[in-house]
Amino acid sequence: MFCRNCGNQLGDQAAVCISCGVAAGTGIKFCRNCAASVDPAAAVCLKCGVALSPGMALGEKGKSKIVAGILGIFLGGLGIHRFYLGYTTLGIIQLLIFVCSWPLMIFCGIGFFTMLGVEIWGLVEGVLILVGNINTDAQGRPLSD
């Protein structure tokens, strides 16, 4: 296996590339199978024919950018867009912050600002997904349009 960022060889169980420090499987410059330089927009390596998107078969589409963005905008405070993209831990954190803010808001009034903050967090992430700044799911697969 080769680093998709710098093309150097990786160990079978490597989590990061020791040459460039990038997480294994991320990057778009080189084929993970043969280390050939590839076009970042290519679906397969022209040298060896391996699919370049991790975990995706040729022709398979990733999660929808539009669905993820709309979920972030309208249900972002609940972390639904994070669950959709496979970022379960972040989704749980957003959901817990939202749910734990309710009692504080009802009894003390201070939970309103916490809830508003997590709603803004989700809204901003939804917009970032739609404009393309967040463009991969938790497995590193590109989002489809």
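The protein chain holds four helices and zero strands, helices and strands being DSSP runs numbered from the N terminus (H or I, at least four residues, for helices; E, at least two, for strands). Along the sequence the pattern reads α-α-α-α. The radius of gyration of the protein chain is 19 Å, well over the 15 Å that the globule rule gives for 145 residues, so the chain is more spread out than a compact globule. That radius is taken over C-alpha atoms, and the globule rule is 2.2 Å times the number of residues to the power 0.38. The C-alpha trace spans about 65 × 30 × 20 Å along its principal axes.

This is a predicted model, in which local features need pLDDT of at least 70 and side-chain atom pairs count only at pLDDT 80 or more, while totals for chains, interfaces and linings use all residues. Residues are numbered from 1 along each chain as its sequence is written, and side-chain values use heavy atoms, with hydrogens and water left out.

Of the 145 residues in the protein chain, 29% are buried. Buried means under 20% relative accessible area, exposed over 50%, and partly exposed in between (1.4 Å probe, protein chains only).

Helix H3 covers residues 88–107. Its 20 residues should span 28 Å at 1.5 Å a residue, and the end C-alpha atoms are 30 Å apart, which agrees; the expected span is 1.5 Å times one less than the number of residues. Buried in H3 are Gly 91, Gln 94, Phe 98 and Ser 101. An α-helix has 3.6 residues a turn, so residues three or four places apart point the same way. The cover over the buried residues of H3 includes H2 and helix H4 (111–131).

Ser 101 has a relative accessible area of 1% and is therefore buried. Apart from neighbours within four places in sequence, Ser 101 is in contact (heavy atoms within 4.5 Å) with Gly 111, Thr 114 and Met 115. Just after H3, Gly 109 takes a positive phi of about 85°.

Leu 95 also lies in helix H3, but its relative accessibility of 32% makes it partly exposed. Leu 95 belongs to a nonpolar surface patch of about 930 Å², whose other members include Ile 66, Phe 83 and Leu 130. Patches are made of residues with over 30% relative accessible area and no salt bridge; like charges are joined within 9 Å, and nonpolar side chains (Val, Leu, Ile, Met, Phe, Trp, Tyr) within 5 Å. A salt bridge is a side-chain nitrogen of Lys or Arg within 4 Å of a carboxyl oxygen of Asp or Glu. Helices H1 (65–75), H2 (80–85) and H3 each supply at least two residues of the patch.

Definitions and conventions
Accessible areas come from the Shrake-Rupley method with a 1.4 Å probe; for residues, only the protein chains shown count as cover.
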